[in-house]
6 protein chains.
Amino acid sequence: MRILIANVNTTTAITEAIAEQARSVAAPGTEIVGLTPWFGAESVEGNFESYLAAIAVMDRVLAYDQPYDAVIQAGYGEHGREGLQELLDVPVVDITDAAASTAMYLGHAYSVVTTLDRTVPLIEDRLKLSGLYDRCASVRASGLAVLELEADPQRAVQAIVEQAERAVREDKAEVICLGCGGMAGLDEQIRRRTGVPVVDGVSAAVTIAESLVRLGLSTSKVRTYATPRTKQVLGWPMRFGR
Amino acid sequence: MRILIANVNTTTAITEAIAEQARSVAAPGTEIVGLTPWFGAESVEGNFESYLAAIAVMDRVLAYDQPYDAVIQAGYGEHGREGLQELLDVPVVDITDAAASTAMYLGHAYSVVTTLDRTVPLIEDRLKLSGLYDRCASVRASGLAVLELEADPQRAVQAIVEQAERAVREDKAEVICLGCGGMAGLDEQIRRRTGVPVVDGVSAAVTIAESLVRLGLSTSKVRTYATPRTKQVLGWPMRFGR
Amino acid sequence: MRILIANVNTTTAITEAIAEQARSVAAPGTEIVGLTPWFGAESVEGNFESYLAAIAVMDRVLAYDQPYDAVIQAGYGEHGREGLQELLDVPVVDITDAAASTAMYLGHAYSVVTTLDRTVPLIEDRLKLSGLYDRCASVRASGLAVLELEADPQRAVQAIVEQAERAVREDKAEVICLGCGGMAGLDEQIRRRTGVPVVDGVSAAVTIAESLVRLGLSTSKVRTYATPRTKQVLGWPMRFGR
Amino acid sequence: MRILIANVNTTTAITEAIAEQARSVAAPGTEIVGLTPWFGAESVEGNFESYLAAIAVMDRVLAYDQPYDAVIQAGYGEHGREGLQELLDVPVVDITDAAASTAMYLGHAYSVVTTLDRTVPLIEDRLKLSGLYDRCASVRASGLAVLELEADPQRAVQAIVEQAERAVREDKAEVICLGCGGMAGLDEQIRRRTGVPVVDGVSAAVTIAESLVRLGLSTSKVRTYATPRTKQVLGWPMRFGR
Amino acid sequence: MRILIANVNTTTAITEAIAEQARSVAAPGTEIVGLTPWFGAESVEGNFESYLAAIAVMDRVLAYDQPYDAVIQAGYGEHGREGLQELLDVPVVDITDAAASTAMYLGHAYSVVTTLDRTVPLIEDRLKLSGLYDRCASVRASGLAVLELEADPQRAVQAIVEQAERAVREDKAEVICLGCGGMAGLDEQIRRRTGVPVVDGVSAAVTIAESLVRLGLSTSKVRTYATPRTKQVLGWPMRFGR
Amino acid sequence: MRILIANVNTTTAITEAIAEQARSVAAPGTEIVGLTPWFGAESVEGNFESYLAAIAVMDRVLAYDQPYDAVIQAGYGEHGREGLQELLDVPVVDITDAAASTAMYLGHAYSVVTTLDRTVPLIEDRLKLSGLYDRCASVRASGLAVLELEADPQRAVQAIVEQAERAVREDKAEVICLGCGGMAGLDEQIRRRTGVPVVDGVSAAVTIAESLVRLGLSTSKVRTYATPRTKQVLGWPMRFGR
């Protein structure tokens, strides 16, 4: 089985970290292909950048010319998943949803610890749209930007642990979701320091994508995610710079 | 005062109809400038097309090189408004919100009548995110595609009236919102035939945008809609084909 | 166009302040007529006083014998708007709703800063009934009574700013609504000191009322706000003391 | 123990019917005093009439010059209960709440069958404010006006049974609440014909008021229902025509 | 009238305290019979123990071989009430619901003060299922286990008062519910020290059960609580150790 | 990896069917052990039977004396999962949740088709408690009892398809969940006849349990699902008839 995992940022180091994390949990026989968008922000931290990433991810995935069985969108709280679901016949899994739906098996309430405060409302809104917000105790910002996370993982761990502990103590969270694709791989350290289960969305998404493929399930095409109607679409595909 | 009104479709006839409707209700001294995106679908009827339009509208508005006081996004239930709010300092009004918030002054519950059934969940989701869904009695599809509306307004009126009457009778709506930018100008005929107030989002948005400008109010920059951080953004601005 | 703006308190100084504020934002050609109820409390701060004001406002508006185009009820979180909507054919705008629906165009969440703590639940309940509560981050009390606000505007500004700053910092509000008709005119000072948009409900209501009139829209009469049935009503109209 | 039960309509025949029903379920030693407002509509069927009744009931109760232990407001879905709670130290029970909270002990979901369609949104809104709407399957109108109910009880039973049966079959109600003070006494007939428990709000309110008195419980005065502050209130008490 | 009141714990001292409290508020002519389950935990403080108690209570009530008119389940936030409702024809009242529905007549919002933190989510969930959570300001833990409450009532009062005061001040509760059957009898002391109404669920449940019996109302059998279908049930009744 | 899958019914034929279905989707190396409770109803269709099953499943799982890695509770909409989570250190997956959380990856809304109408409220309530109800379009009953499903699978398919088609057409479901452990294995036939993805909870639960084990994740023990405190528990373990 081949799973495409699309970074939302144009920074390839993040793509590599995400793909490496995905490979570390993938079942034997699952091939992970990391994709970096051809255009967009080096790090996605807000609506404009997220909308641009949404289109860039769709463009990049459509340009992939080998067969594949599922697609993971590896941005936390980002736009675009519904577009991929329309365009593709294979299952699409967003790491925001994957972390949340996994966390709900582990405790009565979960919190998300993310990067900057400005992305908190985006994450909350995406969880609401996905129907996974009811058991969300809080979304908290570590205060570190995406690229700062990448540059200094130990500082990241420290900042995330601080918010995770407050989430458990003040917000009554029982599980922590790592709210950024770039946090992949930090889960074990944070679990050890907080004593609660920590869910990495990339890892969770890999197992969910594998499961859907194994069960022969894919996106329903009867209504919301029906294939786009045939029509004139100017400037599409973009294939930016290719 | 100059207000930009951005069509989400690349069909210029729709832009013209929208701008004409906007002008018909604008206050003396308000200049309406209609903008057509440089890329994207000829008609937007689903998530992929809507995400593409989101970026195309942002690209097109940013390329406008004269001063302006407010921007209206004239697509019903479409993505992108939050991106414009980050990128711009002037107020941004989406016609989905404008119709709904206006309808709530006119009756206890409102319904939206839109184009195709596949767009109903998008509209519902956008209203939920905007916090304007509580008093929404229903979103109903006329079954006509955007370009069919344009091609045959009388058939459109008939199809909308049928759903509007069912919304009043079965869903207990007291006000009807026209759920497509391309329906601009049909409100009076539908009001006459249904006996309930009919709100055209384009018209409502013009008065709201004018009001915000007049009151000196614009988007809060303290959190969700803060200006994007300075960073490398590949392929932006797009200025497609220019 | 003539707009009646009804104070809910029987203190005429408040009526004058409200009308003055309304005139300062009204469009050229809009005449503002301030009305003071003929009975009721000098300041409305609770359910009993608010119910009494509801009837007093209806009584006072019905006694106005010149033509008019819209009515604004200038009490924050007060009862009565639905009664006016039944009795009148022209649009009715409550400043509670006007501030909230305007705030929602300016940020992801808004807070209201009002007078006494005892009025907070009334405001929350009115916003819930109006369907405008979803994006409300909090309703906070400044601790000042209505007449204290009137007597000492600078103390009022200080108390409001303190709560507004906490709303932004702790409750994640991005916009502040002034939660009392008597706060009209303080918006600019509070905006300057908090750095977020501040919405005065009186000003917002004027532009909304003007817009509804301009668009030819008024209250739906098909169900909730149908004209009262013809029947014996003892002691009505009250025309108290006239 | 003496319980005042206030009709919201100025029709004394309804007061008598309500008081008779209340007496039929009251405990030995409970005295029921029926009060008819001195002003207001002969039958309350909408917001204006309901707001007027709210004040008229407060005025009438305050004018009662003997000791009493609790007050019941016997209008279904009417305004005013919160005002009484502020003005009085004894417990206040609204029949809308009494029927709903009782019904919730009897089945998983309840429906209300009321008079005219125009009153349905009022009842829904009052139940929402009281926090008792979650298990409400529907509010249905029998189509009969209050005075028609009084005039022809057998026709009333027939119309209510029809809606009750639809509520059970279509809306999945398991219990029916009689949604009008004037329906007092019809419960047994309707239960016999529908096979589900039928709750008359007047009867339920009597037992709840008695229970609160017996338990020594009354309205909390710490916030929402604190006694009104001392201030000038023009035209109050009204004592209409006395 | 005879009312069975079932303790959920197997500690008979608690049964006695509950029954004594029940008798102290029962109407003349009401006989209270306390039942202790034949199996289960000495104190119920979590889901496993609560599920076991659910079955043990059903088993114990079914083994009672004299006539009775109503059953009270005297555990706060425990499982099982729906099972009793299926098995019995007489009304069933849970003290969780009884306290909450009573509190809602006394203030705009109520808080529950319970025993250990681990039981808070159970109580919240039971209130949600019962449709009584909307006006719940908070559920707070005193930190004392059930048997500690029993052993040292003055320490219990102190711990409950501390949380009750925080509930009023921080969570805006206006009424306090005692969140444990074992707190029966402490209400008066806590009311005196906090100044807000305090509801003991056992007392409230007695008056509600009496009222339902008096009104001739019992559980609807049309759907959720229909009598179990005839079928083979291994090991039932349990009649543990008898 | 060894996964225990517990039937809630005491009918061993259902255990065998469930285990067979589980084995058909399990990964290589996963051993499935089916467990039948030692007491309880031959088929679980209501609250009493479900509560009894909850305890019987806990009792049966605790009696299993070999190592295992995860437990699946294979009843749809049944009580008990939270008790298992407290008692065990390995992950616990309920098929109700598994089907719903899987369905949410496949479409905008899902419906459940279950057995008898009386079980519909149980399923709705369990989904609400699990935080997975937001995207639930409806829960529909096929009208067939559990043992009828077992006895005549073709009749079951027909009855389920009828309700599934109505769920898609009338309730706007895009995915169907099979709402009974005994429906395991029917998914493919129903998918073929309805054209929408069909999720069997048993299959979904197997992949989720495997994934949690693979990711090293298990139940959080910090609050709701902490291990029960040490105390006297009469009659436990039950080990009925052993």
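Predicted model: local features only at pLDDT ≥ 70, side-chain atom pairs only at ≥ 80, totals over all residues.
Residues count from 1 along each chain as written, with chains lettered from A. Local features need pLDDT of at least 70, side-chain atom pairs count only at pLDDT 80 or more, and side-chain values use heavy atoms, leaving out hydrogens and water.

User: Which residues of helix H8 (residues 187-194) of chain B are buried, and what arc do they fall within?
Analyst: Helices here are DSSP runs of H or I, at least four residues, and strands are runs of E, at least two, numbered from the N terminus. Buried means under 20% relative accessible area with a 1.4 Å probe, protein chains only, and that picks out Asp187(B), Ile190(B) and Thr194(B). Going by directions from the helix axis to the C-beta atoms, they line one face of H8(B), because they fall within an arc of 70°.

User: What do the buried residues of H8(B) pack against?
Analyst: Contact means heavy atoms within 4.5 Å. On that basis their partners in chain B are helix H1 (12-25), helix H7 (153-170), strand S8 (175-178) and strand S9 (198-200).

User: Is Glu210(C) buried or exposed, and which side chains make polar contacts with the side chain of Glu210(C)?
Analyst: Glu210(C) sits in helix H9 (residues 201-214) of chain C and counts as buried because its relative accessibility is 4%. A polar contact is an N or O pair within 3.5 Å, one able to donate a hydrogen and the other to accept it. The side-chain partners are Thr30(C) at 2.8 Å and, from chain B, Arg214(B) at 2.7 Å.

Methods: Buried < 20%, exposed > 50% of the residue type's maximum accessible area, 1.4 Å probe, protein only.
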